[in-house]
Amino acid sequence: MAEVKLDLFRRFGDLATDALASHREEIDALNVFPVPDSDTGTNLYLTIAAARDRLREFTGPDWREGLRAFSRGALLGARGNSGVILAEMIGALLRRLVQATEEERTATVFADALRKAGNAAYAAVGEPQEGTMLSVLSAAADAAVACVESDGSARTRDVMSAAAGAAREALARTPEQLPMLAAAGVIDAGGRGICVLLDAFETALTGRRPSPQAPMPNTPHIPIPTVLGAADGHALEPGGPSYEVMYLLDAEDAAIPDLRKRLQPLGDSLVVVGGEGIWNVHVHVDDVGAAIEAGIDAGRPHRIHVTHFAEQIAGQSHRHATRSGRAVIAFAAGPGLAELFRGAGAIVIEGGPRRRPTTSELLEAVTASGAAEVIVLPNDGPTRQSGEAAARTAEDDLDINVAVIPTRSQVQGLAAMAVHEPGRKFDKDVLEMTATARHARHGAVTISNTRAITMAGPCMPGDALGVLDGDFVKVGQDLETCATYVLARLIGGGGELVTLVSGLEDPKGELAEAVAAWLAANHPAVDVMVYDGGQERYPLLMSVE
């Protein structure tokens, strides 16, 4: 099989995230099985967004490692029963692509990958049911395999087109297979999500977009209820488990069969997926403690989430009622930067170049803030996209007013935070913070770790690099020379205040002090502020206002 271009999966990640964002409310409304908690669309959306975010952060040359990053993002970011199953589908599909040989035809590999994805999903679910996302993907895989077996010249786009068409037909049959769907008069929510994802992949391959007005082939008109839950008769199943328990688990692969055996009698909707020491566990139970204790005995559970279904359903119509005030959430790339943002009143998510917050983490921070109005400072490009995805979900689901300031650097975030005033009207506060961030010209210095061609010329490992507004503009032998070059260009456009933030590789602040001294000698009228940020990769960050 020829090399799988990561650009294909980057396109798919963007298209799938956007498509699920558009169809999220529709899919949530269809959510009847296994619990009518109206969150299947949201969970699928957050899961695929986490996979997309992880792939965006991947910068290596090995496409196989890029696919593994996409799979791991889905596993770690999976939400709810549907999200965990989707993560297993993605993982199995991508493992087949990674293992393909050069002699295999790409179309054949993709068909077999869909088949393995469907088989893995069935195997991961404790009690698989027909009429769900499992049977929809299985039908898609059967059609894909039949396509390559009947036509030796079939292309990958033909395979995916056949799979997408079969999935839509299988989705139309789901009410016949699952009585709960027929009683509610809906098609399966998870199956609808699979159709959306397959359409997105076909679009990534071909560029063709399904018309949003076009009905699915052979799908009867089924009214979609606007709200599902106890209020309109779709109450929780009598005698069913009361809680959803989810956690990530660090455990040896050999411990998982015993874990499944312990969890199976506790409730239903059991799904355990993962491998190579990291697992995502999902189960519906009455005894929350027993479910978590089983994880402790198997390994180290973390990121534990427990949802009480009755409270979740009852609270969907008034979750925003108790919210008040305004909060700012900022991504900080170092401990010193985190303290600066906290000192200014922000809720901080700490990370770094390889530890950016996911859409799910940002959404959790927005939700946990308790505020009716939230401002997000992403402070780099990829986090801005994740923040915008989280903002859409928070606004639609929780009726929280969320604004994402387009800060592309830590120093722009500091500048925006400096003018934040909670007492102002929300729109005016957002406008002032946005304008200040945009007027803060920013730069940095770093050390090259590879041989490359930059806008400033070729560089070798160990060379100092000057960065201006995200582009390399100087290649030199020492950081101070590059830093003063960048600052000279920044200050050349005028300015009254320079902010210098020393990084992890300048622990004593000597580089920052040297640059401050240069500024004092050459631009004595300009004020300078020096901070210890502790950020990785960039020994010095700079901004001019």
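Four strands are arranged as an open sheet in the order 2-3-1-4, with antiparallel pairing; strands here are DSSP runs of E with at least two residues, helices are runs of H or I with at least four, and both are numbered from the N terminus. Two strands count as paired if DSSP finds at least two bridges between them. The edges of this sheet are strand 2 (267-275) and strand 4 (300-308), each of which pairs on one side only. On average, neighbouring strands of the sheet are turned by 10° against each other, direction ignored; axes are lines fitted to C-alpha atoms, for helices over the stretch in contact, and angles between N-to-C directions run from 0 to 180 degrees. The model is a predicted one, in which local features need pLDDT of at least 70 and side-chain atom pairs count only at pLDDT 80 or more, whereas totals for chains, interfaces and linings use all residues. Residues are numbered from 1 along each chain as its sequence is written, and side-chain values use heavy atoms, with hydrogens and water left out.

One place to look on screen is Leu 248, whose bridge partner in strand 3 is Asn 280. Helix 10 (residues 256-263) lies across strand 1, strand 2 and strand 3, and runs at about 165° to strand 2. In general, strands of a sheet pair through backbone hydrogen bonds, either parallel or antiparallel.

Strand 9 pairs with strand 16 in the antiparallel sense over five bridges, and Gly 443 has Met 542 as its bridge partner in strand 16. Strand 9 is also joined by five bridges to strand 12 (residues 464-468), again running antiparallel. There, Val 445 stands opposite Gly 466 of strand 12.

Strand 16 spans residues 540-544 and contains Ser 543. Ser 543 is buried, at a relative accessible area of 0%. Apart from neighbours within four places in sequence, Ser 543 is in contact (heavy atoms within 4.5 Å) with Val 411, Arg 441, His 442, Leu 497, Val 498 and Thr 499. Val 498 is also touched by Ile 491, along with His 523, Val 526 and Val 544, when residues up to four places away in sequence are not counted. Ile 491 is found in helix 18 (residues 479-491) and counts as buried at 8% relative accessibility. Although Ile 491 and Val 526 are 35 residues apart along the chain, their C-alpha atoms are separated by 9.1 Å.

Turning to nonpolar packing, the largest nonpolar core holds 103 residues, of which Phe 9, Phe 12, Met 89, Leu 97 and Leu 114 touch the most other members. Such a core is a set of buried Ala, Val, Leu, Ile, Met, Phe, Trp, Tyr and Cys residues joined through side-chain atoms within 4.5 Å. Helix 6 (residues 133-150) gives the most to this core, with 11 residues. Met 89 has contacts beyond four places in sequence with Ala 117, Ala 121, Met 133, Leu 134, Leu 137 and Ile 194. A second, separate core of 25 residues includes Leu 377, Leu 414, Met 417 and Val 501.

Five aromatic pairs are found in a search of the whole structure; rings of Phe, Tyr and Trp (its six-membered ring) pair if their centres lie within 6.5 Å, with planes under 30 degrees apart counted as stacked, over 60 as edge-to-face and the rest as tilted. The ring centres of Phe 9 and Phe 70 are 6.1 Å apart and the planes stand at 65°, so this pair is edge-to-face. The pair links distant parts of the chain, 61 residues apart, with Phe 9 in helix 1 (residues 6-30) and Phe 70 in helix 3 (residues 63-77).

Technical notes
Buried means under 20% relative accessible area, exposed over 50%, partly exposed in between (1.4 Å probe, protein chains only).
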